[in-house]
Amino acid sequence: MTEESTEYCRDSEAESSLRVFAPISRRNFLKQTAITGAAMAGGLATASCSSRPSSGSTTLNFWVISPFTTISNPPLLKAISQYQQENRHVKIVLNSVSADNMLDKIIAAVRAGQGPDVASVDSAWIAELAAAKVLKDISGEFASVKSEFFPGPVEAAAHHGAQYAVPWYTNNVALFWNKRMFREVGISGPPGTWSELVTTGNKLTRNGKYGFMMGSGGNGAFLWLPFLWQAGGNVLSPDGKTVAFGGPAGLKAWEFYASLPLNYHMVPPSYLAAGVTWESYFTPFINEQAAMMTIGDWAIAPMKQGNPSLDYGIAPLPSDVQRATVMGGYTLGVTTTSHQPSAAWDFIQWLTAKPQEWILEGYSRIPARQDVAGTTFGHMPLEQGFLEQAGYGRPQPNIPQWYTILSTSMANAWDATIRRVVSPEQGLKQAVAAANKVLANAVTIADTWVESGSLGLARMGTAQEKKAGKGGNVW
Amino acid sequence: MGRGVPVGKKHGIRRAAAAVPGARRVSARPRRARFVRRQRLFGYGLVIPATVVLGAVLGAPTVDAFILSLTNSSLIGTGSRFVGPDNFTALLTSGEFWSITKTTVIWTAANTGAQLLVGTGMALLLKSSSRVDKVLRSIALLPWAVPSIVAAAVWRFMYDPASGVIDHLLLSAHLIHQPVVWLGEISTALPAVILESVWKGSPLVMIIVLAGLQTIPPEIEEAAIIDGAGGFQRLVRIKLPLIRTTLALATILTVAYTVNNFNAIWLMTQGGPLQSTQILFTWGYQIGFQQFNLGQAAAISVVLFGALMIIAVVYFLTLERKGRES
């Protein structure tokens, strides 16, 4: 045979084999689809059966903020596996959410019926979460263990007399100072007053290094609160209907705060971008580009990882007319959409009990329990600075609009001030006007609370109720 | 003759054949028509489930957003009341809306223009089938393949004045004497985020334009060379006009992705500083999920939707008209 004809033979072979498979009749197609579909359905059924825990067991979804999962060998994971071993019928699914996102995420999720069972929430959000019906009222369950916790954090986690979360750890904002850089310029200790802060900061600003780190935007506004209180000012008026931080004490504090970067130039320029996350705020201190910063204990663990050899101290904040700092902390709550609230409560109670104090220590956090404070500070001498000023700590205002006021009205005014778009005085006036607008257009249920001077808890009048139906215009 | 069937136009050729003596009457034409129709129906049947699902997943939230924009619904309040056009009037009379719209337009125009330029340029440079070009094309595709969250985070670190690589290089090259706070200054924040977005999105334009370039028959270019057309003339007079539809597709896709680019802006500046990088999309998110005002957030998204629809329709109509004219 010639080559041509062999090719021809091959082709016809191919053709004949093709003919066997060729016509996909509709019946065949449907049959194949049905078989595949049945196989898939069967596979899915068995798959879901195997992922569900054995009958009689409970699954709890726990949303925790990301600092608790993003360090190496997180103590929380060990604790959870310990809990699951002690309680065989419980399975805990951990979900890590960045603290910047936790508030919006949990409100949106619970509102959509998709929330977790247990969540870690900032004590500053309690009023908002209660108004949004995100957290379950646990007053009954909490009553038996209430006395084991510090009263300040307990009250911060309550709203209208009902308890919405269990205090987990408590913190306040203190002055972190770089001991090595202080030694190099011959300063023995951290500043204790505003004027000492200025002279110390100026001395430390040299050779491309800066004396004092600050925040922009929301971080800047938040860290200004201690200055406001130190000057003798208050955030809200006694009736809670307007803001009071625009008064003479507030103006003094705002102008002093703005003078540090604008007049004394003791702040690293990168502070202009340190408004979005906390990481951008404490990085210059970790890199020893800034000698001082004010922040809470949430900086300690990242600093340990970023620069373990950093020689620094933690001191109470400098004072003016009086000493003050902003008190905060995180709490654990059960959501209103949880299907197993009693199992969720059991887990929270275990997590915040005395034998589990080692968990928080692993994150350099101070438990909000009264009975472990002594042992905790024994393990963490660095934390003495926080303890010293704990008595002067004030919580942020306990109103639902607080987050909006802080992160929009005050943050924008601060951003405009530090960029010299407005003078400090104008900036503060803008903040006051915007904040009052937010307060007046309350979009939540009104209630009757009056600001209590010593704790800074805020309450609002019934006039809000009439306006509440009108839909907030926060522009 | 066979059965007396009238030979009419309706029955076409087959019927005429039936008029021929001895021919068997075949009704093949109607049978074929039935077969084609059944095939078409079968095709529709296969597509309908996907269409229904897509319609539900895309359509229902859109309708929901329209309804929401007419209420004063809040994420943390109780109950929502119908307020009609109040949200829209408040929106259109607020100065903030117009300045953010202006920023959105600048953001979109700058991004689209730059991405088209860079993407088309890369496509023209790397269009040959040599191995070098193939490798370079794969490398050029990497920015698009990187997850947008990773890209935004890495660029944010690069822009850091103290520890970022950009300021470090610029200082070492003595191009600047002080570190520039790219994401913190009002004058540099938007250009900085645009740069990241152009880096990320140009490969997509490159891929689309490459596909378009491959549809140009080489004979046309050869004829132009013979006629004495220079490289630039060939590019502007021949290649670009021939891939006009492709460029239109690339443009509309880039516009759509850019207007909806949440990650780049949110992760780098969150719309700051002082709204200098705020676009309608991120602003809507803030209003809805940080100020909990869902009604107004929905109004913003409805306005955005409307604007995009108008742009898309006008764009394609213009294109179609130009295509018919040429």
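In this predicted model, helix α4 (residues 95–125) of chain B packs against helix α11 (residues 244–259) of chain B at an angle of about 135°, and their axes are 9 Å apart. Helices here (H or I, at least four residues) and strands (E, at least two) are DSSP runs, numbered from the N terminus. Axes are lines fitted to C-alpha atoms, for helices over the stretch in contact, with angles running from 0 to 180 degrees between N-to-C directions. The angle therefore makes α4(B) oblique to α11(B); angles under 35 degrees count as roughly parallel, over 145 as roughly antiparallel, 65 to 115 as roughly perpendicular and the rest as oblique. The crossing of the pair α4(B) and α11(B) is right-handed, where right-handed is the case in which the near helix is turned clockwise from the far one by less than a right angle, and left-handed the anticlockwise case.

Which residues make this packing? From α4(B), B:Thr104, B:Trp107, B:Thr108, B:Asn111, B:Thr112, B:Gln115, B:Leu116 and B:Gly119 meet residues of α11(B), namely B:Ala250, B:Thr251, B:Thr254, B:Val255, B:Thr258 and B:Val259. Two residues are in contact if their C-beta atoms, placed from the backbone, lie within 7 Å. By class, the contact of α4(B) with α11(B) has 5 nonpolar, 9 polar and no charged residues; Ala, Val, Leu, Ile, Met, Phe, Trp, Tyr, Cys and Pro count as nonpolar, Asp, Glu, Lys and Arg as charged, and the others, Gly among them, as polar.

Chain B as a whole has 14 helices and 0 strands. Of its 326 residues, 30% are buried, that is, have 20 or more other C-beta atoms within 10 Å of their own, with C-beta atoms placed from the backbone. Among contacts in chain B between residues at least 6 apart in sequence, 64% join residues at least 24 apart. The domain assignment, automatic or from a database, gives chain B a domain 1 (9–68) and a domain 2 (86–325). The C-alpha centres of these two domains of chain B lie 42 Å apart.

Chain A contains 20 helices and 13 strands. Buried residues account for 49% of its 475 residues. Of the contacts in chain A between residues at least 6 apart in sequence, 75% join residues at least 24 apart. Chain A is divided into domain 1 (58–170 + 328–386) and domain 2 (172–327 + 396–468), with 26 Å between their centres, taken over C-alpha atoms. The contact between these domains of chain A takes 24 residues from domain 1 and 24 residues from domain 2. On the side of domain 1 of chain A that touches domain 2 of chain A, α5(A) gives the most, with 4 residues. The residues of that side divide into 12 nonpolar, 7 polar and 5 charged.

The two chains also meet. Their contact takes 38 residues from chain A and 33 residues from chain B. On the side of chain A that touches chain B, α4 (99–111), α5 (126–131), α12 (279–286) and α18 (402–418) of chain A each supply at least two residues. The largest share, 6 residues, comes from α18(A). By class, this side of chain A has 17 nonpolar, 16 polar and 5 charged residues.

Residues are numbered from 1 along each chain as its sequence is written, and chains are lettered from A and ligands numbered from 1 in the order in which they are written. As the model is predicted, local features need pLDDT of at least 70 and side-chain atom pairs count only at pLDDT 80 or more, while totals for chains, interfaces and linings use all residues.

Terms used:
Buried ≥ 20, exposed ≤ 12 C-beta atoms within 10 Å, placed from the backbone.
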